[in-house]
Amino acid sequence: MSELNDPRPPRQPRKGTTSTGARKAASKSSRSRAREFALQALYQYILSGNDATDIDLFTRDLSGFHKADAAHYDALLHGCIEHAAALDALIEPKLDRKLAEISPIEHAVMWIGTYEFQHCIDVPWRVVLNECIELAKEFGGTDGHKYVNGVLNGLAPQLRADEVAADKNNAAAQD
C-alpha cells in the first residue's frame, strides 16, 4: 500500500529519542545511566579480564557518572562479575549458537538482564526487558536488540514466573 493511500496518520517522531530510536541522554533515569555504565564496565571485563576494582575506578571517572544511580551500578557490575558463571549457565540454553560467538555487548546486556531478573525484584520484569533492549539498540550491533529480546523473553518466565503469569492473566482479562 502506498503512503498516499494509507488511511493511518503519519507516524509521529518519539520525543526524547535519537534518529535510531535510542533515548537521548537528557531523558534517561539515573538507573538507566547506571545500566549504561555497568554495560561499559562489563564490556571491558569481558574483553580484558581486568580486575573488577580497576574497571570500577576507571568507570567512575567517566563523564556523566555522577548522574547515575551508583548503588545500582555497583550491584550490576559486581553482581554480574561475581555470578558470571551462573548467569552464563542460565543464558546458554536460550542461545542458538555458542556463547563465545555472541558479541561482548549483547553478552554483557544479557548478564545485566538476567542479573536484574534474579536480584532486582523491585524492578518489574518488563522494565528490565525494555531497558536491556534499549541498551542493545544504543550500544550493540544492528539487530542485537532482537537477539537480546528473544533470550531475555525466554528467561523471564523461568526467573520471574509469578510476575510474568500475572501479566498474562491481566492481559487476558482485559481482552
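Q: In this predicted model, which residues of the largest nonpolar core touch the most other members?
A: The model is predicted, and its largest nonpolar core holds 46 residues. In soluble globular proteins, nonpolar side chains tend to be buried together. The members of this core that touch the most others are Leu42, Tyr73, Ile91, Leu95, Met110 and Ile112.

Q: Which helix gives the largest share of this core?
A: Two or more core residues come from each of several elements, including helix 1 (30-48), helix 3 (70-82) and helix 5 (104-119). The largest share is eight residues, and the element that supplies it is helix 5.

Q: Which residues are in contact with Met110, leaving aside its neighbours within four places in sequence?
A: Met110 is among the core residues that touch the most other members. With neighbours within four places in sequence set aside, the contacts of Met110 are Ile91, Leu95, Ile102, Tyr147, Val148, Val151 and Leu152.

Q: At what angle do helix 3 and helix 5 pack, and how is that arrangement described?
A: Two packed helices are described by the angle between their axes and the distance between the axes. For helix 3 and helix 5, the axes are 10 Å apart and the angle is about 105°. Angles of 65 to 115 degrees count as roughly perpendicular. Helix 3 is therefore, relative to helix 5, roughly perpendicular.

Q: How many nonpolar residues does the contact of helix 3 with helix 5 have?
A: On one side, His72, Ala75, Leu76, Gly79 and Cys80 of helix 3 meet Trp111, Ile112, Tyr115 and Glu116 of helix 5. By class, this contact has one charged residue, two polar residues and, as nonpolar residues, six.

Q: Is Gly113 buried or exposed?
A: Gly113 lies in helix 5. Beyond its neighbours within four places in sequence, Gly113 is in contact with Val128, Cys132 and Leu152. Buried means under 20% relative accessible area. Because its relative accessible area is 0%, Gly113 is buried.

Q: How are the rings of Tyr45 and Trp111 arranged?
A: Tyr45 in helix 1 and Trp111 in helix 5 are 66 residues apart. Tyr45 is partly exposed, at 24% relative accessible area, whereas Trp111 is buried at 3%. Their ring centres are 6.5 Å apart and their planes lie at 45°, so the pair is tilted.

Q: Which residues form one aromatic cluster?
A: Phe65 and Tyr73 are both buried. Their ring centres are 4.9 Å apart with planes at 85°, so this pair is edge-to-face. The one aromatic cluster that includes them is formed by Phe37, Phe65 and Tyr73.

Note on methods:
Residues are numbered from 1 along each chain as its sequence is written. This is a predicted model: local features need pLDDT of at least 70, side-chain atom pairs count only at pLDDT 80 or more; totals for chains, interfaces and linings use all residues. Side-chain values use heavy atoms; hydrogens and water are left out. A nonpolar core is a set of buried Ala, Val, Leu, Ile, Met, Phe, Trp, Tyr and Cys residues joined through side-chain atoms within 4.5 Å. Buried means under 20% relative accessible area, exposed over 50%, partly exposed in between (1.4 Å probe, protein chains only). Helices (H or I, at least four residues) and strands (E, at least two) are DSSP runs, numbered from the N terminus. Contact means heavy atoms within 4.5 Å. Axes are lines fitted to C-alpha atoms, for helices over the stretch in contact, and angles run from 0 to 180 degrees between N-to-C directions. Angles under 35 degrees count as roughly parallel, over 145 as roughly antiparallel, 65 to 115 as roughly perpendicular and the rest as oblique. Ala, Val, Leu, Ile, Met, Phe, Trp, Tyr, Cys and Pro count as nonpolar, Asp, Glu, Lys and Arg as charged, and the others, Gly among them, as polar. Rings of Phe, Tyr and Trp (its six-membered ring) pair if their centres lie within 6.5 Å; planes under 30 degrees apart count as stacked, over 60 as edge-to-face and the rest as tilted.
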